[in-house]
Amino acid sequence: MSFIDPSQHGSSEISDDHIHVGELWRAIAQRKSFIAKVTGGLVLLGATYVMHSHPSFTETGSLYTQGLSPSASGPAPSDQNGNSFLGSLGNYQSITDSETQVDTLTSPLLLQQAVLATGLNTIVTNSQSIFPRYLAWHMFHGAKISAFAPNSTALQALYANFSDPSLKSGSYQISFQSNGHYQILNDGLPILNGTLGTPAAGGGLQLLLQSSTTGYIPSAGSTYHLSVINPAITAQNLLNGSLSVTPGGTPTSPSDVINISLKWANPYQGAQFVDQLMNDYINTTVSWNSTAAGATVDFINGQLKNVKDQLDSANEQLATYQQETGVLSPSDNAQNLINQESQYELQQAKLRVKVVALQQMREALNTPASGINPYLLGLDSDTTLSALAEKLGETNATLQSMRIQFTNNAPEVRAEEAQVDQLQTGIRSLVQNQLNEAQSNLDTTNSVIADFQKKIASMPAQSLKVVSLTRSSVVLGQLYVLLMQKQQEAALAKAAEVSTTRILTPAQIPFTASAPRPRVIITFAMIIGLLISTGWVLAQRAFSGRFASEAEVRRILKSPIYGL
């Protein structure tokens with residue numbers, strides 16, 4: 001024991017703000033048993049969590065979606081005059097294509113469709129089909145993926161949904177009778193009777209129950225447990241982290257590849273979902289694009305057939321009239337009127353096709369993720385529209401880059417989104433203005449043609465018939481040639497539209513679990529245990545208000561020693 005004389009030193013000399021590592025290590029060493037217990041406890045807790053967790057797996061697939069950009073798909077198709085079918089919105093379509101495809105793949109409607117088709121929102125289990133936990137999977141199955149494969153008695157429930165969309169989930173019992181007939185019970189009360197492999201509905205539930213292996217029919221008395229989650233909730237949960245849909249390339253220069261990955265407890269069901277989502281996307285977009293391009297083809301084919309029939313009839317009537325009357329041709333004045341009117345009627349036909357095309361373009365721009373028919377864009381070229389489209393593509397690329405760096409509520413992101421909306425509104429307005437102008441020109445042309453027809457009708461009766469027949473033959477012949485050319489262009493555009501998307505990599509079933517990760521969890525638990533226990537020991541030492549050793553007394557007080 002040391003005795004000191006505090007009267008020889010002021011209170012300011014007693015304070016010491018320096019950290020002495022040796023004393024900290026001494027305090028830690030004195031409490032090493034406590035630190036070891038806390039760290040070991042957290043490690044044991046982490047190991048317990050790993051052993052009792054259900055393993056999950058990540059299934060991946062990829063789509064190749066060739067855009068409409070000439071640089072991405074080679075030279076753009078063009079007509080006989082060298083005009084590109086891609087038109088003024090080509091740059092916008094190619095730059096924003098990846099973003100549009102990702103938005104389409106993650107749309108709630110498409111996700112719910114794939115969820116229902118693969119039964120991702122249902123679990124059907126019996127005593128033989130319960131998935132093992134991580135420890136049991138390693139001990140009894142050798143960590144093989146085959147442990148999760150459907151066994152001979154497994155069932156699956158597809159297209160399971162509630163008639164009341166507000167219901168979130170339901171739990172049911174399935175009791176089998178003979179010949180695949182079953183009864184679904186809710187809290188012991190029967191709500192639905194059905195047959196295996198046939199759609200059934202009742203008691204607010206609808207589903208298609210079938211065996212996972214061909215030919216299996218549960219025996220009478222077999223029971224299963226069925227859990228159903230609202231497909232809208234399942235789709236939302238996928239978007240909250242389980243499902244990842246990302247474009248290849250970089251944010252500023254995306255590629256034509258879309259990567260899809262799903263983290264799911266059943267690797268076989270997860271792979272089915274990824275494949276189903278990709279196939280549903282292809283079928284949906286092909287349907288959209290085929291409808292857009294097919295509308296133009298159908299319109300032109302219908303017009304072509306009518307013109308062909310009218311042309312054949314006009315030629316036949318003209319030949320008959322000339323043979324009967326001996327009048328072979330109209331007068332020079334009448335012939336000039338015919339030639340002038342034929343030019344206006346040719347212009348009229350072009351304007352009609354343009355009006356229909358612009359109407360379809362307007363509908364496509366107002367329909368999210370519907371795509372643009374490239375044939376329609378080639379019908380008119382506008383430098384202002386092209387500039388707006390290019391600017392919109394650049395702004396969208398900048399916006400995607402900002403969303404990686406900032407949150408969606410950041411002022412920079414909000415400002416860029418406002419600019420995108422403004423540009424999109426400008427493009428829609430420009431297309432509408434072009435449509436209004438084309439309709440106005442069509443009305444004017446119709447009026448001019450009506451005036452020509454009045455002049456022809458005022459001619460002498462003797463030549464009126466041959467003038468009328470000759471006019472019909474000339475005009476219809478020119479229209480037929482024009483529509484033949486447009487038919488070839490539209491058919492080419494339609495063929496290009498329906499064959500651009502392919503599954504590049506089908507869903508891959510992984511060989512190892514992606515979660516839980518034992519090494520990461522246990523290492524993390526050990527580090528946290530060391531930090532918490534050591535921090536607790538040092539905090540106790542810092543706020544205890546006691547001297548830990550004689551050396552600490554000598555160092556802090558620096559007083560003369562009178563005795564020990």
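Buried here means under 20% relative accessible area, exposed means over 50%, and partly exposed is in between (1.4 Å probe, protein chains only).

Before going further, a word on the basis of this report. Residues are numbered from 1 along each chain as its sequence is written, and side-chain values use heavy atoms, with hydrogens and water left out. This is a predicted model, in which local features need pLDDT of at least 70 and side-chain atom pairs count only at pLDDT 80 or more, while totals for chains, interfaces and linings use all residues.

**The overall picture**

The protein has 16 helices and 12 strands. These are DSSP runs numbered from the N terminus: helices are H or I with at least four residues, and strands are E with at least two. Of its 564 residues, 37% count as buried. Contact means heavy atoms within 4.5 Å. Among the contacts with a separation of 6 or more, 77% come from residues 24 or more positions apart.

**Aromatic rings**

Rings of Phe, Tyr and Trp (its six-membered ring) pair if their centres lie within 6.5 Å; planes under 30 degrees apart count as stacked, over 60 as edge-to-face and the rest as tilted. A pair of rings is described by the distance of the centres and the angle of the planes. How many aromatic pairs does a search of the whole structure find? It finds 6. One of them joins Phe 57 and Phe 148 edge-to-face, with 5.0 Å from centre to centre and 70 degrees between the planes. Phe 57 belongs to strand 1 (residues 57-65) and Phe 148 to the loop between helix 7 (134-141) and strand 3 (155-162), so this pair ties together parts that are 91 residues apart in sequence. Both Phe 57 and Phe 148 are buried.

Tyr 134 and Trp 137 form an edge-to-face pair too, at 6.1 Å centre to centre and 65 degrees between the planes. Both lie in helix 7, 3 residues apart, which is about one turn of the helix. Ring pairs link Phe 57, Tyr 134, Trp 137 and Phe 148 into a cluster.

A ring can also have a charge over it. That is the case if NZ of Lys or CZ of Arg is within 6 Å of the ring centre and within 35 degrees of the ring normal. Arg 31 lies over the face of Phe 34, at 5.0 Å from the ring centre.

**Where two helices cross**

Axes are lines fitted to C-alpha atoms, for helices over the stretch in contact, and angles run from 0 to 180 degrees between N-to-C directions. A crossing is left-handed if the near helix is turned anticlockwise from the far one by less than a right angle, and right-handed if clockwise. The axes of helix 1 (residues 21-30) and helix 15 (residues 518-542) come within 10 Å and cross at roughly 115 degrees, and this crossing is right-handed. Helix 1 contributes Glu 23, Leu 24, Ala 27 and Ile 28 to the contact, while helix 15 contributes Thr 534, Val 537, Leu 538 and Arg 541. By class, these are 5 nonpolar, 1 polar and 2 charged residues. For these classes, Ala, Val, Leu, Ile, Met, Phe, Trp, Tyr, Cys and Pro count as nonpolar, Asp, Glu, Lys and Arg as charged, and the others, Gly among them, as polar.

Ser 533 is found in helix 15 as well. Apart from neighbours within four places in sequence, Ser 533 is in contact with Phe 34, Ile 35, Val 38 and Thr 39.

**Backbone details**

The peptide bond from Ala 515 to Pro 516 is cis, with omega near -5 degrees. Pro 516 sits in the loop between strand 12 (501-508) and helix 15. Ala 143 has a positive phi of about 55 degrees although it is not a glycine, and lies in the loop between helix 7 and strand 3. Asp 187, not a glycine either, has a positive phi of about 55 degrees; its place is the loop between strand 5 (181-186) and strand 6 (189-195).

| Residue | Relative accessible area | Class |
|---|---|---|
| Ser 533 | 1% | buried |
| Tyr 134 | 14% | buried |
| Ala 143 | 22% | partly exposed |
| Ala 415 | 47% | partly exposed |
| Ala 201 | 59% | exposed |
| Asp 187 | 72% | exposed |

Two residues of the table are new here. Ala 415 is found in helix 13 (residues 411-457), and its C-alpha atom is separated by 9.3 Å from that of Leu 399, 16 residues apart along the chain. Ala 201 is found in strand 7 (residues 199-202). Not counting residues up to four places away in sequence, Ala 201 touches Leu 192 and Gln 206.
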